[in-house]
Each structure stands twice: as structure tokens, then as C-alpha cells.
Amino acid sequence: MRHDCEGRIIFIIMKTYLRFANREVEKAFLTHYAETAIPGIRMGYWLATILYALFSILDYFLMPESYRTMWFIRFAIVIPVATVTYLMTYNKSLHRYMQFAISASSLIMGLGIVAMMALARESEPGYTFYYAGIILVIMGIATLFGLRFHYAVFCLLCLVAGYELSLIFIQRIYPSSTPDAKSVIFINNNFFFIGANIMGIIIAYLFEISKRIEFLQQEEIKSRNSEIIQHAREMKRELELAKQLQLRLLPDVYPEIPGVKFSLLYRPMEDLGGDYYDYIKFAEEHMIGIFISDVSGHGLPAALITSMLKSLIAASEKVKFSVSDFLHYINTHASGIIGDNFITALYALYDSKSRILKFARAGHPFPLILRKGKVIQVKSRGGMIGYNPYASYAETEVQLEPGDKVLLFTDGLIEEINDESQSFESTFMEKVLPSLSMMPITDVVAVSFRRLVEFKGSSDFMDDICILGMEVL
């Protein structure tokens, strides 16, 4: 398909005689060409000047009687003109005139060699052999000097005309009815000279076609990049809006329950996180439901699933008194509609009068209780949500005491690894939490996260992190 597109482009360019039908596109191309051709033009003039100077050595041997005249043409006319043209490339205001300047200097280079042959004496070898130097100029016009096709053709035709006129009317070398040395020279030189011109015209044509195709491709890339950037900006705005909407799904204040103090830390890895938490209210002021979950994956799919969880929780009035029935209700409605994703979750129900905490978990990290310097991990059975709509979840009951602190969290906290490929879980359980057990719950949550950052060595995490703490007063 790409080659078909390039073929159409070439056809269009050929049909318009190397000129885009759209004037604005043509103007843009000329500006682009003038800017991008400068490095090549400079290199071409460096090479041309060096070669033109070095061939003065050849003058000494092939033009032994008139080499001083040849040196004058080289060093007093051609090389100064080439130097001025080269210096023009450093003045941006003169770039619009570069094609005219290059054409003029190219003609002076080529016609300078024609003049050398015309001024040479017939006895000197350069009188007939210097046409090869014009072929070198032809190569420069077609490639190195960055001339556009029409300018290149004009220069090449002028060189042909100048060479032929000099050959016939000044050097008196032309074909005759009786073959002689001059006839042979005329035929030989013209075969090579005209052949080089034909090749130069073809090369110049293909060179400009390739430049025009390259220009169109770059413009297409710029256009696509602009569209991508604009699309990225729109996506960023939409993600920011989605982030704000997702944050609104989360509770913005702690529930007021007698004898209980709450604390929370939530850090999504991306703009949209897969961790979710909620407080379920009851008519009984001494009861509170706590839900925490972790959706597999990140970004928009995970965020959509968290919004679904919010809707399910809002409609869970009939099952919220039973922690196992609550998770079964979530699992039944989520299975089959979350695709390849899955959810780990924990639902806890706390009665501040009896200080009894009931919970059920669905593949979620076990809750932790900090009690008098000890870390207690409370275990229970229950598979992840989304795999089996008929799964059951075991209910576990814990009697809490004043001063107890309960930590619920997602696996992003304990599964983070450092540069040495060590998991934070053992450090968290064996070193961090025991040293924090006597602190208020707000400090326990905040310092736990700070220790994670220190362990990781940065705040760039591989997963969302949610830490929900509850302290019994």
C-alpha cells in the first residue's frame, strides 16, 4: 500500500512537471528545500573547490605552455566565485537566491574548463583531454550542488552549447568527410560528454522527485504527529476528568463511630487506579462496614470496574449485615462481566458496642491487628471475585480490645520490591509494624508508607497502594 501511495505521488509530480498543483504546498516545499539542501551544498562546494585547485597540478603537465593562464582562470575567477557562493549559504536572507547563485557558479566552473581548452595550444594534451573535467562539473550539478531539476537542466544545456561552440568555432574540431584525428576526437569526446549530460539530467530529475516525495512524507508525519499530540492532550484531559470522577467515588470523610478512629492513605500508580475502598453506613450508629478491594490491571478498565463496585455497594442494603453474603453478592454480579479481570476484596463489619470485628475475604491480603507490640495476622478462606459465581466466603470474627489497631491494605504495599529484588512484606511484618504498634493509627499508616518509600528508594511503584487503618479507643 505504501508503494502504491508513492507511485501515485510520483505520477502527480511528473504530471505537474515537478511542481505541486497546490501553490501553498509548492511554496512550503521550496522553503523546505532551501533549508535542507544547505549542508549538502556546502559539502559540494568544499569538494569542488578542493578538486578545482588540485587539478592545477595537472595544468603544469598537460598545459606546459599556458598553465599560467589556466591558473588565472582557476584561482582568480572560478574559485573566488565558488567561495562567494559557499559563503552565501551562511546568510539566511540570501537562501532564496541560492539556486540562481549555484547555477551561475556551476556555469562558471564548467565554462572555465571550456575556456581552458579554447585558450590552450593545440600541441598541449589538455587541448583535447580536458573535456573530462567538464564531466566532473556535470556530476556536481546533478548531485552535490543541490540544484533543482530545471536549474540543473539549464546549466547542463548551457555547458553542452558552450562546449560544442568552442569545439567547432574556436578549436576547429568537427567531423569531416575524410576521417582524421580531429574527427575521432570530436566523436569520442561528444559520446562521453553528451552521455554524461543525459545521465546528469536523469539523475537531477530523480533527485528532485525523491526530495518532493520526502517532503510529502515528512509533512504527512508532521500532520500525523500533530493529530497524535492533539489526541494525547484530549486523552489527558479525559483521564484527568475520569480521575476526578473516580476520586469522587471514594469517601472524602471518615465515618463518625463512637470509640473508633480511622486513617487512610491511597496512592494510585497511574491517573486511574484499580484499588477501591468504601465505608458502608448503617442505621445503627455503632456499626460500620468497611470494604477494600483491588482490581487486576490499571487504567481505564480497572477504573470502570471500581465504578461498578460502587454501584453494587450502593445496592447492597439487604446483604450488608452478613460479611460472607456481601462478598457472595459482589461475586455473583461481577462474574461474567469483568472479562479476564479479577478482584480481590475484603469486607469487614465492626460493632463498636461489642468491639467485635467480623470479616470475609476474597483472595485479599489478610488483615493485621497491632496489639501491645505484637502483629497478629488474621487468616480466613475465600477465593478471588470474578472466577466462580458460586464461590463461598468464610466469615471470621475477632474480639478487639481498646488500643488495638486494624490494618487493611492492598497487595501493592507488601509486594513492592527494591533494587535487590527483595519484597517489602517481610520487612513490613517483622521490622516496621512492631516498631509502630504503640503509635496512633494516623502515624502507623503514614510511617508505613514512608518506610515503603525508603525501602524502594523512590516513590515510583509497580502497583496501586491503599492502606486503611482503624484504631479502637
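The model is predicted: local features need pLDDT of at least 70, side-chain atom pairs count only at pLDDT 80 or more, and totals for chains, interfaces and linings use all residues. Residues are numbered from 1 along each chain as its sequence is written, and side-chain values use heavy atoms, with hydrogens and water left out.

I begin with the helix. Helices are DSSP runs of H or I with at least four residues, numbered from the N terminus. Helix α3 takes in residues 38-54, 17 residues in total, and its first and last C-alpha atoms lie 24 Å apart, close to the 24 Å expected at 1.5 Å a residue; the expected span is 1.5 Å times one less than the number of residues.

Which residues of α3 are buried? They are Ile38, Ile41, Gly44, Tyr45, Ala48 and Tyr52, where buried means under 20% relative accessible area, exposed over 50% and partly exposed in between, with a 1.4 Å probe and protein chains only. These residues lie on the same side of α3 because they cover an arc of only 115° around the axis, taken from the directions from the helix axis to the C-beta atoms. They pack against α2, α4, α5, α6 and α8, contact being heavy atoms within 4.5 Å. On the face turned away from the buried side, α3 carries the exposed residues Pro39, Met43 and Trp46.

I turn to the cysteines. A search of the whole structure finds zero disulfides, that is, pairs of cysteine sulfur atoms within 2.5 Å. For Cys155, the nearest cysteine sulfur is that of Cys158, 6.6 Å away. Cys155 is buried, with a relative accessible area of 0%, whereas Cys158 is partly exposed at 24%.

Technical notes:
Helix = DSSP H or I, 4+ residues; strand = E, 2+ residues; numbered from the N terminus.
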